[in-house]
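Good morning, colleagues. Please bring up the sequence and the structure, and I shall then take you through a few selected features.

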Amino acid sequence: MSLRQDRLEIIKKIEEKRGSKLLIYFCGDRPIIPANIAGDAIRPLYDHLLAFTPNGEKINSIDLFLYGIGGRLEVPWRIVTMIREFCENFNVIIPYKAYSAATLIALGADKIIMGRKGELSPIDPSLQVVVPEGAQPPPLLPREIGVEDISSYITFMKERVGLTDQDALVQTVNILAEKLNPVILGQVQRAHSHIRLIARKLLALCRPPLEEARITRIVEALTEKIYLHGHGIGRKEAKEIELQVEEPDSELEKLIWNLYLSYEKLLKINTT
């Protein structure tokens with residue numbers, strides 16, 4: 001049996017076991033040719049959704065088999081709302097890595113089915129610094145800024161260094177403004193606000209609806225309370241964060257992992 005035939009057989013078995021249609025979004029992370037979640041996936045995904053619903057009626061359930069290490073943060077909302085136009089119940093299956101933008105997609109699902117190796121991540125964004133043409137970039141300006149790093153700097157100066165005097169705090173902010181011009185600081189604030197807004201909007205799509213206080217706790221945990229962006233959140237920790245996680249039984253777990261291994265081999269993910 002070919003690898004493709006093998007994958008199709010596994011997909012069929014997962015669909016039968018789940019009573020759902022399986023949609024695959026797999027972004028290879030091979031070091032020399034990594035792929036990120038981006039807008040170019042939306043049209044192909046839409047074509048597959050149309051094939052699921054030839055009569056134009058919503059189907060009961062769609063499972064998104066998701067693998068990705070990040071990408072454009074404006075894309076998850078577009079993907080989740082699009083899929084929900086085609087089904088009554090939307091779930092995400094996480095075989096292994098689902099980081100950053102992929103975690104955001106998972107937030108918009110009614111259930112997150114995580115295997116033993118499934119991993120989510122914090123959703124604190126990084127800002128790609130773009131200096132306007134003709135402008136002089138500040139010295140030693142990094143090409144990428146962790147948005148939460150800016151807030152952490154202020155918190156560090158207040159809580160660890162012990163600055164309480166307002167004049168001293170103003171000087172601290174002035175130092176920051178010298179390194180990052182006002183336009184960049186404005187972009188940081190917009191990214192800081194945007195990620196929280198989108199996370200809340202995605203969680204508000206869940207069925208049954210989540211309590212507002214629970215949504216707040218989840219957003220705070222994923223944006224502020226896990227301090228390393230590369231931290232992998234397994235299913236036990238995901239439950240502690242109050243995400244809507246479901247563990248597959250042993251048969252489904254094996255099918256999910258075998259499907260992942262097939263794509264891993266196809267995309268030569270472990271090949272440098």
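I begin with a term: a residue counts as buried when its relative accessible area is under 20%. Please bear in mind that this is a predicted model. By that criterion, helix α3, residues 75–84, is mostly covered, with seven of its 10 residues buried. Among them are Val75, Pro76, Ile79 and Arg84.

Let me turn to the aromatic residues. The count comes to nine aromatic pairs. Phenylalanine 26 and tyrosine 67 form a stacked pair, because their ring centres are 4.5 Å apart and their planes stand at 15 degrees. Phenylalanine 26 belongs to strand β1 and tyrosine 67 to strand β2, so this pair links distant parts of the chain, 41 residues apart. Both phenylalanine 26 and tyrosine 67 are buried.

Tyrosine 67 also pairs with tyrosine 260; here the arrangement is tilted, at 5.4 Å centre to centre and 40 degrees between the planes. Tyrosine 260 lies in helix α10, 193 residues apart from tyrosine 67, and tyrosine 260 is buried as well. Ring pairs join Phe26, Tyr67, Tyr96, Trp257, Tyr260 and Tyr263 into a cluster. Over the ring of tyrosine 263 sits the charged end of arginine 7, 5.2 Å from the ring centre.

Glutamate 264 is buried yet has no salt bridge; lysine 97, the nearest side chain of opposite charge, is 8.0 Å away. Beyond its neighbours within four places in sequence, glutamate 264 is in contact with Phe26, Ile269 and Asn270.

Methods
Residues numbered from 1 in each chain as written. Predicted model: local features only at pLDDT ≥ 70, side-chain atom pairs only at ≥ 80, totals over all residues. Heavy atoms only, no water. Buried < 20%, exposed > 50% of the residue type's maximum accessible area, 1.4 Å probe, protein only. Helix = DSSP H or I, 4+ residues; strand = E, 2+ residues; numbered from the N terminus. Lys, Arg positive; Asp, Glu negative; His and termini not counted. Salt bridge = Lys/Arg side-chain N within 4 Å of Asp/Glu carboxyl O. Contact = heavy atoms within 4.5 Å. Phe/Tyr/Trp six-rings, centres within 6.5 Å; stacked < 30°, edge-to-face > 60°. Lys NZ or Arg CZ within 6 Å of the ring centre and 35° of its normal.
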